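Have the structure open while you read.

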Amino acid sequence: MKKLTAAALAILFLFPLLWSAWASFRTPTGFGLENYSRLFTSDNGIRFEHVFNSVAVSVLTVGGTLVIATLGGYAFGRFQFPGKNALFLLTLAILMVPYATILIALYVLLGWIGLEDSLVGLSAVLIMFQLPFSIFMMRNSFEAIPKELEEQALIDGCSSFGILTRVMLHAVRPGLVTVGLFAFLTSWSEFFAPLILLNSTDKFTMMLAVVNMRTASFGAIDYAALEAGVTFMAVPCLLLFLFLQRSYVRGFMSGALRG
């Protein structure tokens with residue numbers, strides 16, 4: 001029964017992706033790469049700058065999320081300080097705020113600090129949305145590490161920062177992979193935040209470029225090219241997940257379930 005349920009769920013989740021891949025190669029005369037050719041050569045299609053923008057936003061988001069979540073998770077997981085639990089609950093409470101309701105306020109805030117219509121500003125917003133879950137994961141990952149490792153490092157003369165960089169980071173690597181993968185998937189496929197925060201077409205990410213193909217054709221929608229865009233954007237996500245699958249599962253089990 002369990003295997004049957006797992007197989008049914010696998011088919012349910014994989015079918016849309018497989019159908020998109022099939023439709024992206026489907027042409028009126030059979031199968032070929034014509035749809036991908038239109039995707040990258042059309043005036044309203046994906047250009048190199050769109051790919052660069054998506055990669056830049058993903059790199060900034062993943063890097064910023066890992067740094068802040070690691071430091072925050074280390075503090076919450078290994079130190080005692082006044083208001084620790086209240087501050088941690090306040091951090092998790094951000095998850096209850098629908099991010100779409102505060103995007104306009106964030107757009108105004110970015111304008112005040114000179115980061116409106118910029119990839120850095122967009123990345124900062126995406127990092128903020130990722131932090132509650134990421135800090136939760138890293139805090140639980142750090143708490144799962146035996147205290148004996150930390151005590152031994154203290155005896156050897158390591159400082160708190162030295163313990164983090166020389167001992168802890170290696171021990172929580174599955175948690176780092178999980179947090180980084182979630183941050184990448186979110187930033188790579190995010191649509192609503194770039195739609196609100198980016199105004200210049202040369203700053204568009206690939207997601208906005210693909211949607212722009214649909215709205216810039218005067219009602220004539222090239223569904224085949226759209227499917228090619230969806231498939232092209234899904235490939236990096238699939239490759240990363242397959243490559244990091246073992247570490248991702250270990251990190252999710254040791255981090256999320258412990259909480």
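Let's start with Glu49, which counts as partly exposed because its relative accessibility is 28%. Keep in mind that this is a predicted model. The partner of Glu49 is Arg47: the two form a salt bridge, and their closest N and O atoms sit 2.8 Å apart. Arg47 has a relative accessible area of 33%, so Arg47 is partly exposed too. As background, side chains of opposite charge can pair when their charged atoms come close.

How many salt bridges are there by this rule? The count comes to 2. The other pair to look at is Glu143 with Arg139, where the closest N and O atoms are 3.4 Å apart. Both of these residues belong to helix α6, which covers residues 119-143. They are 4 residues apart there, or about one turn of the helix.

Is Arg139 buried or exposed? Arg139 is buried: its relative accessible area is 18%, and the cut-off for buried is under 20%. Glu143, on the other hand, comes out as partly exposed, with a relative accessible area of 25%.

Here are the two pairs side by side.

| Salt bridge | Closest N and O atoms |
|---|---|
| Glu49 with Arg47 | 2.8 Å |
| Glu143 with Arg139 | 3.4 Å |

Now for some helix packing. Take a look at α7 (residues 147-155) and α8 (residues 160-171): their axes come within 10 Å and cross at roughly 135°. That angle is why α7 counts as oblique to α8; the roughly antiparallel label would need an angle over 145 degrees. As for handedness, α7 passes α8 in a right-handed crossing.

Which residues make the contact? On the α7 side they are Leu149, Glu150, Ala153 and Leu154, while α8 brings in Ile163, Val167 and Met168. By residue class, the contact of α7 with α8 splits into 6 nonpolar, no polar and 1 charged.

Zooming out, the protein chain has 13 helices and 2 strands. What share of the 259 residues in the protein chain is buried? Buried residues make up 39%.

Key: Residues numbered from 1 in each chain as written. Predicted model: local features only at pLDDT ≥ 70, side-chain atom pairs only at ≥ 80, totals over all residues. Heavy atoms only, no water. Axes fitted to C-alpha atoms, helices over the stretch in contact; angles between N-to-C directions. Parallel < 35°, antiparallel > 145°, perpendicular 65-115°, else oblique. Left-handed = near helix turned anticlockwise from the far one by under 90°. Contact = heavy atoms within 4.5 Å. Nonpolar A, V, L, I, M, F, W, Y, C, P; charged D, E, K, R; others polar. Salt bridge = Lys/Arg side-chain N within 4 Å of Asp/Glu carboxyl O. Buried < 20%, exposed > 50% of the residue type's maximum accessible area, 1.4 Å probe, protein only.
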